[in-house]
Amino acid sequence: MSIKKSELILNPDGSVYHLNLKPENIAKNIIFVGDLNRVDKVTKHFESIDFTTQKREFKTVTGYYKNKRLTVISTGIGPDNVDIVLNELDALVNIDLDTRAIKKELTQLNIIRIGTSGSLQKDIPINSFLLSSHAIDLTGILLSYQVDEISHPKIEEAFIKHTNWNEKKSYPIVVANSIHLGKKLSSKNIYQGITATAGGFYGPQGRVLRLAIQDPELNQKIDSFNFEGNRITNLEMETSAIYGLSKLLGHHAVSMNAIIANRANGTFSENPYKVVDDLILYTLDKIVS
């Protein structure tokens with residue numbers, strides 16, 4: 001069956017609509033960054049670059065690091081952008097763009113997020129690295145899809161009870177990372193835990209400027225949540241969408257976080273750019289090892 005033109009939109013040159021990419025432009029190992037300026041901070045370590053393009057906040061560069069072909073893409077901020085990026089990347093490898101038919105043999109991509117995050121736990125210090133073992137989606141974006149097979153109801157129910165979750169908010173969905181990529185990217189110096197993904201930076205993450213928030217105690221409830229030794233370690237805006245959509249589409253995904261702030265003790269890194277640069281090199285070397 002052919003996918004309608006209104007559902008899979010292509011540019012006049014045959015590239016996917018938002019990313020401006022064709023299948024040959026991407027590698028199977030793809031690094032996500034939020035900030036488009038961070039793309040160059042990753043690719044400056046490449047030996048060679050064979051493709052680059054940009055449309056809106058989506059910048060893509062493909063090249064070689066230690067003889068391995070990698071693609072780096074900026075997603076911008078938030079889960080809604082991740083929804084665009086992951087669906088269009090999957091279309092590039094798993095849909096025949098000429099016939100608009102889903103391919104019989106599907107391709108798995110490896111998606112590695114390199115991002116910044118704030119720790120929610122006092123014992124996870126600034127300037128450390130954290131690998132998201134799971135993500136809990138507080139944004140509602142995954143509820144647009146059929147997620148029953150990838151969610152973790154026991155953790156979700158425990159979270160709802162512990163936080164007295166407001167029923168008017170989106171149901172929180174918990175999704176695990178790729179075990180394969182998690183093992184590849186982990187080490188004894190890397191913290192791990194559940195990453196909470198919020199749909200915004202201010203109110204959704206408990207920040208108060210001039211607007212009162214629905215539950216002023218929510219951050220403290222999140223900080224103290226513990227399910228069979230699994231606690232929520234950090235808060236950001238993309239990981240749950242990456243994990244959920246990757247798992248639904250059959251791709252591997254892991255999120256690597258540079259901890260530049262500690263919300264529990266109110267500290268912020270004096271050199272956040274170095275923390276990110278160090279995480280970039282760590283991740284690149286792990287990918288090619």
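In which loop is Asn164 found? I shall return to that residue after an overview of the chain.

This is a predicted model, in which local features need pLDDT of at least 70, side-chain atom pairs count only at pLDDT 80 or more, and totals for chains, interfaces and linings use all residues. Residues are numbered from 1 along each chain as its sequence is written, and side-chain values use heavy atoms, with hydrogens and water left out.

The overall fold comes first. The chain contains seven helices and 14 strands; these are DSSP runs numbered from the N terminus, helices being H or I of at least four residues and strands being E of at least two. Its radius of gyration is 19 Å, close to the 19 Å given by the globule rule for 289 residues, so the chain is as compact as a globular protein of that length. That radius is taken over C-alpha atoms, and the rule is 2.2 Å times the number of residues to the power 0.38. The C-alpha trace spans about 50 × 40 × 40 Å along its principal axes.

Of the 289 residues, 52% are buried. Buried means under 20% relative accessible area, exposed means over 50%, and partly exposed lies in between, with a 1.4 Å probe and protein chains only. Among contacts (heavy atoms within 4.5 Å) with a separation of 6 or more, 76% join residues 24 or more positions apart.

I turn now to the interior. In soluble globular proteins, nonpolar side chains tend to be buried together. Here the largest nonpolar core has 59 residues, and Phe32, Leu89 and Ile111 have the most contacts inside it. Such a core is a set of buried Ala, Val, Leu, Ile, Met, Phe, Trp, Tyr and Cys residues joined through side-chain atoms within 4.5 Å. A second, separate core of 16 residues includes Leu138, Val174, Phe225 and Leu235.

Finally, the backbone. Most residues other than glycine have a negative phi. Asn164, although not a glycine, has a positive phi of about 50°. Asn164 sits in the loop between α3 (153-163) and β9 (173-176), and at 60% relative accessibility it counts as exposed. Asn20 also has a positive phi, near 60°. Asn20 lies in the segment before β1 (29-33) and is partly exposed, with a relative accessible area of 26%.
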